[in-house]
Amino acid sequence: VWDNCLSFIKDNIQPQAYKTWFEPIMPVKLANKALSIQVPSKFFYEWLEEHYVKLLKVALVKELGNTARLVYIIKMENTYGNKKPFTEKIPSSNRSGLRAQEIDVPTKNKSPELKNPFIIPGIRNVKIESQLNPNYNFDNFLEGDSNRLARSAGMAVANKPGGTSFNPLLIFGGVGLGKTHLAHAIGVEIKDKYPEKTVLYISAEKFTQQYIESVKKNTRNDFIHFYQLIDVLIIDDVQFFSGKSGTQDVFFHIFNHLHQNGKQVILTSDKAPVDMQDIEQRLLSRFKWGLSAELQTPDFETRVSIVKNKLYRDGVEMPDDIIEYVAKHIKSNVRELEGAIISLIAQSSFNKKEVTIELAKQVVEKFVKNTKREVSIDYIQKVVSDYFQMDVSTLQSKTRKRHIVQARQLAMFFAKKFTKASLASIGSQIGKRDHATVLHACKTVDNLSSTDKQFRKYVEDLTKKLSL
Ligand code: ADP
Ligand code: MG
């Protein structure tokens with residue numbers, strides 16, 4: 001019976017896959033239309049279930065009829081030094097010391113439409129929902145200078161998950177710049193190209209909750225095992241891991257396992273790895289194995305095309321000058337840009353008014369006011385230059401005059417303190433410096449403010465001005 005099944009399977013899959021997944025299987029016994037097969041490991045069993053369950057079922061039903069059943073016996077080396085492999089029949093409820101498992105898989109199939117007629121009692125269903133949002137895809141992720149590198153790296157990863165040097169791919173950038181969108185887009189594209197791959201999107205926060213839960217319930221190993229089965233793991237906002245050493249530890253193990261097995265890991269963060277705080281060094285060094293790609297604030301043209309594209313998709317018309325007005329004034333956050341447009345549409349339809357520049361001004365003002373709380377690097381430079389009575393261009397200049405260098409270092413220090421911008425991005429905005437210069441500036445300010453009274457006064461005054 002098994003030979004017949006095999007020859008049917010062989011005709012239906014790639015020779016390499018056949019060799020890998022079916023040749024190692026040993027038929028054990030056939031009783032009451034239940035065929036027992038022995039597989040080398042639990043992982044092997046899960047792989048079969050995940051990828052070849054339909055094929056197996058068809059083969060089996062062809063041979064044994066509709067009441068066919070398949071029983072997996074998982075063979076494992078025992079741990080007592082005895083080379084002889086053994087199998088042990090264990091009811092599938094979880095037990096400690098579980099070394100081998102026989103899993104009954106009924107193929108009784110009343111409804112042929114059922115996606116997976118193999119119901120596995122007691123074992124968590126291996127089918128994993130990807131949690132992807134199909135509305136976040138590459139088609140509606142508009143390209144611009146600000147995102148070109150990250151977007152094309154994402155595309156490359158989607159074409160060859162696990163097969164590029166971008167592993168992990170870390171996408172970082174400020175709030176509302178499209179990290180979550182791009183992360184989903186990569187997953188959606190992979191699912192499209194490789195439907196058989198297991199893709200999972202999860203926020204770092206949810207991952208952490210799940211982990212804590214698993215520790216409470218004593219199922220930490222199951223937790224790890226679950227994640228190790230994934231082909232493409234997408235974790236959003238990994239800055240959330242900062243200071244959480246247990247979660248970092250478990251993620252480290254999962255990451256290593258996935259990476260070693262050629263699986264793809266995609267991460268997003270609001271900071272570049274160099275700027276991440278309270279993340280273990282060994283994790284940070286893993287992050288740097290692959291590619292870190294920054295999403296920067298989109299330029300005016302890109303903002304306009306993002307808005308136009310969104311309006312077009314929603315079937316809403318709006319005059320170009322209004323779109324441009326909004327795009328001109330809302331610069332640092334795509335989510336807010338979209339929010340302003342939506343609010344504009346809502347107000348105009350609510351009041352049955354045409355969308356006018358006046359209305360646009362009101363809406364923009366509200367948005368800009370609401371976001372004043374998060375100071376921008378431009379604003380910081382302005383405040384610091386005003387305080388020292390110099391122009392912003394002087395502050396940014398290459399001069400080494402002491403008081404100008406100090407002002408520049410203070411601007412960098414406050415940019416680090418009050419914004420989420422990366423050291424690199426602060427450097428590039430304050431007179432095109434690199435991240436090391438910014439880091440040095442922050443240290444200098446720290447030192448001087450503890451040793452130099454006058455300097456401490458500067459820091460205090462500026463802190464007040466910037467906190468208003
Ligand atoms: P983040 O995760 O970085 O905070 P999101 O991915 O949630 O940002 O993006 C915020 C909003 O901006 C989303 O609605 C997203 O669709 C939109 N957005 C961001 N960048 C782009 C882009 N390049 N093209 C189209 N929409 C974008
Ligand atoms: Mg996000």
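A residue counts as near a molecule or strand if its C-beta atom, placed from the backbone, lies within 6 Å of it. With that in hand, here's a quick tour of a predicted model, where local features need pLDDT of at least 70, side-chain atom pairs count only at pLDDT 80 or more, and totals for chains, interfaces and linings use all residues. Residues are numbered from 1 along each chain as its sequence is written, while chains are lettered from A and ligands numbered from 1 in the order in which they are written.

**Around ligand 1**
- Ligand 1 has 16 residues around it, and Gly178, Lys179, Thr180, His181 and Val334 come nearest.
- Helix H6 (179–193) and helix H13 (334–350) each give the shell at least two residues; helices are DSSP runs (H or I, at least four residues) and so are strands (E, at least two), numbered from the N terminus.
- Domain 2 (148–295) and domain 3 (300–371) each contribute at least three residues to this shell, with bounds from an automatic or database domain assignment.

**The sheet**
- Five strands form an open sheet in the order E6-E7-E8-E5-E9, with parallel pairing; a pair takes at least two DSSP bridges.
- At the edges sit E6 (199–203) and E9 (291–295), each pairing on one side only.
- Strand E5 (169–173) runs parallel to strand E8 (264–269), joined to it by four bridges.
- Across from Leu169 you'll find Ile266 in E8.
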